[in-house]
Amino acid sequence: MDDLRLGLLLNAVSPAVGGVLVRGEKGTAKSTAVRALAALMPSVDVVPGCRFSCDPATADPACPDGPHEPGPGVSRAARTVELPVGASEDRLVGALDIERALSEGKKAFEPGLLADAHRGVLYVDEVNLLHDHLVDLLLDAAAMGASYVEREGVSVRHAARFLLVGTMNPEEGELRPQLLDRFGLTVEVAASREPDQRVEVVRRRLAYDEDPAAFAGRWAAEEQALRERIATARALLPSVRLGDGALRQIAAVCAAFEVDGMRADIVTARTATALAAWAGRTEVLAEDVRQAALLALPHRRRRNPFDAPGLDEDKLDDTLEEFGGGDDDPDPDGPGGPDGGGPDGQPTQDGQDGQDFQDFQDGAPPSGSPERSAAPSVPGTRAEADGEADRDGDPEGTAEEPAQDTAGGPRPRARGTSSDADATEDGEAASGADSEQSAVGAAEPFRTRMLSVPGLGEGAAGRRSRARTAHGRTTGARRPQGALTKLHLAATVQAAAPHQHARGRRGPGLVVRRDDLRQAVREGREGNLVLFVVDASGSMAARQRMTAVKGAVLSLLLDAYQRRDKVGLVTFRGSEAALALPPTSSVEAGAARLEKLPTGGRTPLAAGLLKAREVLRIERLRDPSRRPLLVVVTDGRATAAGSGGPVTGRGGRSAVMGAAARSGQSGASAASAPEAGTQPRDPFAQAQRAARLLAAEGTASVVVDCESGPVRLGMAGSLAAGLGGTAVTLDELRADSVAALVRDVQGPRRAA
């Protein structure tokens, strides 16, 4: 936890660093560490009765509770304010009483969480799951040190300076690069693999549960030492000198790693200065720049959502060495040199120049605890964490391996024909129903055409399909349901105008009652659940089509990331279908599953569609407002009967007919079915029946036709007709294709 503790403490020393984003797996005490920081923060003096925690020494002249009379303040502990994932905009920034503003002309303002967190800590758990517009508001306030609330021409401003800390589990989805850049530092957290450390964690937790007061008392001296050291570092911070040599190193490092913009340089400089103050020095050294870069740059190097954060430490050391040294660098033999130590020139343990981040120098843990002997050094921990991230999260790790030609090789081709259909059938027969070929890499992703769900939804805000949302263009007005959030001024005046005489209006003011208020109805875009159903059978391996198919799906995943969708992945091959990725907000997980996807065997198309139907049924129960978009990636061939397991647990005919009965399907669909008790022998007929089930349930669908070669059977088009959707070829999927006109996916037609 060295990086996490260091990042939090540096922000406590210098809030200008810009906060900390803590990334890590579940169950690693991220929230516990953040909540513990408040006890170490120095107490603050506030104006008595001020809801915005103004400092009596420098009161905010624009404070909504002001102006404040000069006088002594009241001391209180710094607050830790938590922002829940489901918080509204009004709960975050505050709310204006529109009724009083219209009828009385008064700015009646109820402060939000930003006001509560002023001069304290604002903690956002699962920040990657927070709505984007809330994250934007949060980061804007953190950057400007003030919050602005605008409602129909009524405006309120108040100070909002706080230490921002966010935690997230990357498995649940990443933040956009633009939002990542707004966090000053990022640290990776992983559970220790050392048995001794894990034993100590359990021992301390059990000791706390047994007697919380005694446990807190055991560490009171160490916490007090840390509290005093933070106060000392804060006092020393204005005296720390950032020389031209250190600035050149910072600029060179940021340029070498090709980070966008200048925020990285500024944050690295502030972090290096805070590191020097934390070590008790008044001069920034190269080691401060190195440690600052390790904390401030990794998350700023992502070029697309599938890149894992990380930093090449060898490249960092080479850059620092190349641009190291300068006329203003301290004397190497002096107090601040590599052989020196703290401000008194005394050498420190392990030559860390007073930065004993393991034991925090002034407050070492009691003997017997594992921090001294078992905890790795900060650089080592960082390197190990980055290595784990690269191995687990970087989809390019496997893409760099040489692709294997799974379509060619020893497998014989069809006799005397170059037809794609014959080659496919022969390839499937040779590979067998259950054979598995090694995964191939994906082609280069491209910008895809717009695919959307028809109609008007009411799902979570996003960028794909039309929906009623809290933000967007105003399309109408209605009576508010609950608290009024977006006033429709014209409709409110229109509702109140006929009653002015009856209400005894005598002056120029408008007499407005609560029943007159009207909520603005707005239309924007929503995010959808994009469920990919990918054909991984042997037919897709023919002519190396799988490389192009993976490139297309990867492009659609990128599009889903940009449009704030949830994604899921169903694959089918051999004799069954599998849910490779349950619906999630993490498109990175989808890319990783796709990269490792093998091919081979026959094509159980019906099983894939029925599996998708079952997944969508469950998701409708979990999130009924999020509309699905089914994307089937196949050549349309079906060479194996589906198992039907996803629907009823029984085979073929019983699965399809049982599902049809539950969906109320009749008429043409029922007429086309074989007699009861018989097993359909045509796998494609099974697939068509499964497609009609999805269409009857109103599932918007699109089929990406992967068929290639001079002879094409057009079976993907027939499948799209059964789904009531649209078929597009791989070429038409490209946004820059002549045939790729932006249009909605055709809505499915319900059976008569």
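Hi everyone. Let me start with how directions are compared: axes are lines fitted to C-alpha atoms, for helices over the stretch in contact, and angles run from 0 to 180 degrees between N-to-C directions. Helices (H or I, at least four residues) and strands (E, at least two) are DSSP runs, numbered from the N terminus.

A word on the source. This is a predicted model, where local features need pLDDT of at least 70 and side-chain atom pairs count only at pLDDT 80 or more, while totals for chains, interfaces and linings use all residues. Residues are numbered from 1 along each chain as its sequence is written, and side-chain values use heavy atoms, with hydrogens and water left out.

Now, the helix pair. At what angle do α11 and α14 pack? Helix α11 (residues 244-256) packs against helix α14 (residues 313-322) at about 140°, and their axes are 9 Å apart.

Who touches whom? From α11, Gln249, Ala252, Val253 and Ala256 meet Lys315, Leu316, Thr319 and Leu320 of α14, contact being heavy atoms within 4.5 Å.

On to the sheet. Five strands form an open sheet in the order β4-β7-β10-β1-β11, with parallel pairing; strands pair if DSSP finds at least two bridges between them. At the edges sit β4 (80-83) and β11 (185-189), each pairing on one side only. From one strand to the next, the twist averages 20°.

Finally, helix α1 (residues 2-13) packs on this sheet and touches β1 (20-24), β10 and β11; its direction makes about 155° with that of β11.
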